Amino acid sequence: MTDFKAVQEEFARWLRNPDDNNTPNGIEARRMAVYRRLVRNNIFSFLSTGFPVLKKLLSQQQWQQLVDEFVAKHAAQSPYFSDMGREFVDFLAVYFSSRNSDNADFPEFTYELAFYERMEVDAQFAVLDDDIESLEQAQATALVGQWRWRLNASVQVAQFKHPVAWLGSGHQREPLLPEAVNNSGFILMVYRHPQRNSVEFMQLQPMTALVISSLQQQPQGQSLAQLQQQLQQWLPQLDNATINQGVAQLCIDFIHRGVLLQAP
Amino acid sequence: MRRSVGLGLRREFLADVVTQQPNVGFWEIAPENWIPRGNTAYRQLDQLRECYPLTCHGLSLSIASPDPLNENFVLEVKRFLDRFHIELYSEHLSYCSAQGQLYDLLPIPFTEAAASYTAQRIKRVQELLERPLVLENISYYAAPGQQLSELTFIRQVLDEADCKLLLDVNNVYVNSINHGYDAKQFIAGLPSERIVYGHIAGHSEEAPDLLVDTHGADVRDEVWQLLDYAYQQHGVFDTVLERDFNIPPLAQLLHEAEQIDGAQQRVNGGC
């Protein structure tokens, strides 16, 4: 390695972890402290904005520990500041991959909550097509069997052990913690409403999650009949009439909510 | 105000800018804050672009990083510049990543080898962008591994890379205090023909001999005087007022930007 690169690496190593590294050669401590403060404050500020619930539910000491460990250990690759939150979630996946003395005191839900809060950010900034509209219930009912449907591009679904969407009472409409479904935990969908521009979430039943999954596999869109056939294949234990009726009802509801949009 | 006075665009006053169309020569934007934002943001930029010229001032290129150059990112910037017909893309003579991002501007060791390394990477970026890269002299609070003066280092990079300079007058002032050199001598030593445009901003005082370039306060009198001096030395160049923290109402920033106009007229009037 060329000398100047060694100097840069040493400088960066100290910034990431000043406790375990020597102050770079010949530089006043108060000058290094300016850099440490700038780097740390900037990252704290971005992550505090991106993970408000997690920050609120952890103790101040725990939050600082996570951010400091992120700075110290994670090699973030994206040049976009808006990706810093995703880098943080990637880091937490590694940090909480096993229980050890460093992370033993953190709540069980820490990683899952961070993952969920990032889903909300991704939904907020997902690129939606222009001029899309959700339909009134009556229009949705009339059109559900006629058009082909695709998912709103901001839709994301993930399964959680913990009821992360309700933690920190961010959602006042749902004051009670819901029940986990069939011991499979909580299947949560997050999306941005195309007109209101607000980020919404829903807990999904397993059959609903299958409908979303089918639509995710067919980005060009599916008709109601195709969706019903797909679900019949995936759920042979249920009778077809029940499936057909369930899927139709679900689609009308999703069209109305702006989760399903007319496919081009 | 003249076309030669610009302001750093903040999302906080984007709506006001589009509806009120204040008297600003051009707006400077950070491509990193817009590229990932999708069509709503792009529509806003299209509207803005119809009324004003835009320049780009990047943050994350990390031109002097020991990590490999992120060529995909450079190409994303190029697509963005092309999309909005933006000619000028400036960045910092600095690095912000070493084994991953640190998201802040770090001081390049002022050595001949580092200057050559940086110049090679600038050439590659210019090739990919099919545009000149304009580089800004940054504020720095420490000079690790220094073997050359800052001025010698900058001149070597500019010559070897054959690139342009964004002269940040506030940074010159901050560095002259932090590292005990003569700000005017530094400015006089820069090559006029490479200066494309300038920046001016406020800073904060950590100690009498340690200033920090915060972009969070009004521009100090000493810095305004230095801007006059820079115009006298190199001729008037387009200049952007930067403000990133403690952001006042747009009207107040516009008032401060008018002082740039005043400085430019003083120098031109004297010719």
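Biologist: How many salt bridges does the rule count over all chains?

Modeller: Side chains of opposite charge can pair when their charged atoms come close. Here the count is 24 salt bridges over all chains, where a salt bridge is a side-chain nitrogen of Lys or Arg within 4 Å of a carboxyl oxygen of Asp or Glu. This is a predicted model, in which local features need pLDDT of at least 70 and side-chain atom pairs count only at pLDDT 80 or more, while totals for chains, interfaces and linings use all residues. Residues are numbered from 1 along each chain as its sequence is written, chains are lettered from A and ligands numbered from 1 in the order in which they are written, and side-chain values use heavy atoms, with hydrogens and water left out.

Biologist: How many salt bridges are counted between chain B and chain A?

Modeller: The count between these two chains is 2. In one, B:Glu206 pairs with A:Arg37, with the closest N and O atoms 2.8 Å apart. This pair joins two chains because B:Glu206 lies in strand 10 of chain B and A:Arg37 in helix 2 (residues 29-50) of chain A; helices (H or I, at least four residues) and strands (E, at least two) are DSSP runs, numbered from the N terminus. A:Arg30 also forms a salt bridge, with B:Asp209, and there the closest N and O atoms are 2.7 Å apart.

Biologist: What area do chain B and chain A bury between them?

Modeller: The size of an interface is often given as the accessible area lost when the parts come together. Chain B and chain A bury about 3700 Å², 59% of it on carbon and sulfur atoms; buried area is the accessible area (1.4 Å probe) that two parts lose on being put together, summed over both. The contact (heavy atoms within 4.5 Å) takes 44 residues from chain B and 35 residues from chain A.

Biologist: In which sense do strand 3 and strand 4 of chain A pair?

Modeller: Strands of a sheet pair through backbone hydrogen bonds, either parallel or antiparallel. Strand 3 (residues 186-192) and strand 4 (residues 199-204) of chain A are antiparallel, with 6 bridges; two strands pair if DSSP finds at least two bridges between them. A:Ile187 has A:Leu204 in strand 4 as its bridge partner. The two strands form a hairpin with 6 residues between them, and A:Asn197 in the turn has a positive phi of about 65°.

Biologist: In what order do the 3 strands of the open sheet of chain A lie?

Modeller: The order is 5-1-6, with antiparallel pairing. Strand 5 (222-223) and strand 6 (260-262) are the edge strands, each pairing on one side only. Strand 1 (residues 148-151) is joined to strand 5 by 2 bridges, and A:Trp149 stands opposite A:Gln222 in strand 5.
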